[in-house]
Amino acid sequence: MSDEMNEKDLFSVMFLQLVYSFQNMAVMQLGKLMNPATNKVEKDLVQAKGTIDLLRMLKEKTKGNLSPKEGDFLDQILLNLQLNYADEAAKGEKGADGANGKTTN
């Protein structure tokens, strides 16, 4: 029984790590963090929206199967990313550099 408990806890931590990885990817795509592969801040709103949509899909597909902690974590990350995306999209509309929202600093 303790093995099941440990596996359940391990899977919970792994789920949180997965969500956190998607969050970091989206934050980089929003141009808020430097891409460690290129050492540049790069903005790609199309990719950011895709990553946010992946998290939305994950939330929908795991509905009813998450602990309150996992659900709250995912909800907070989604809210934060969606607000940041809306902010960046609004900036892009005011001074669009290109039709697809790609910029490199």
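Modeller: What follows goes through helices, salt bridges, a loop residue and a surface patch.

Modeller: This is a predicted model, in which local features need pLDDT of at least 70 and side-chain atom pairs count only at pLDDT 80 or more, while totals for chains, interfaces and linings use all residues. Residues are numbered from 1 along each chain as its sequence is written, and side-chain values use heavy atoms, with hydrogens and water left out.

Colleague: Which residues of helix 2 are buried?

Modeller: Buried means under 20% relative accessible area, exposed over 50%, and partly exposed in between (1.4 Å probe, protein chains only). In helix 2, Leu 45, Ala 48, Thr 51, Ile 52, Leu 55 and Leu 58 are buried. Seen down the axis of helix 2, these buried residues fall within an arc of 140°, so they line one face of the helix. The arc is taken from the directions from the helix axis to the C-beta atoms. Val 46 and Lys 61 are exposed residues on the face of helix 2 turned away from its buried side.

Colleague: How many salt bridges does a search of the whole structure find?

Modeller: Side chains of opposite charge can pair when their charged atoms come close. A salt bridge is a side-chain nitrogen of Lys or Arg within 4 Å of a carboxyl oxygen of Asp or Glu. The search of the whole structure finds eight. In one of them, the side chains of Lys 49 and Asp 53 meet at 3.0 Å, N to O. Both residues lie in helix 2 (residues 45-61), four residues apart, about one turn of the helix. Lys 49 is partly exposed at 40% relative accessibility, and Asp 53 is partly exposed at 26%.

Colleague: Which parts of the chain does the pair of Lys 32 and Glu 88 link?

Modeller: Lys 32 and Glu 88 form a salt bridge at 2.9 Å, N to O. The pair links distant parts of the chain, with Lys 32 in strand 1 and Glu 88 in helix 3, 56 residues apart. Lys 32 is partly exposed, at 37% relative accessible area, whereas Glu 88 counts as buried at 4%. Lys 32 and Glu 88 also belong to a network of salt bridges with Lys 43, Asp 87 and Lys 91.

Colleague: Where is Asn 39 placed?

Modeller: Asn 39 is in the loop between strand 1 (30-35) and strand 2 (40-44). Asn 39 has a positive phi of about 55°, although it is not a glycine. At 56% relative accessibility, Asn 39 counts as exposed.

Colleague: Which residues make the nonpolar surface patch?

Modeller: Patches are made of residues with over 30% relative accessible area and no salt bridge; like charges are joined within 9 Å, nonpolar side chains (Val, Leu, Ile, Met, Phe, Trp, Tyr) within 5 Å. Accessible areas come from the Shrake-Rupley method with a 1.4 Å probe, and for residues only the protein chains shown count as cover. Here Leu 10, Phe 11 and Met 14 make a nonpolar patch of about 300 Å². Phe 11 lies in helix 1 (residues 2-29) and is partly exposed, at 46% relative accessible area.

Definitions and conventions: Helix = DSSP H or I, 4+ residues; strand = E, 2+ residues; numbered from the N terminus.
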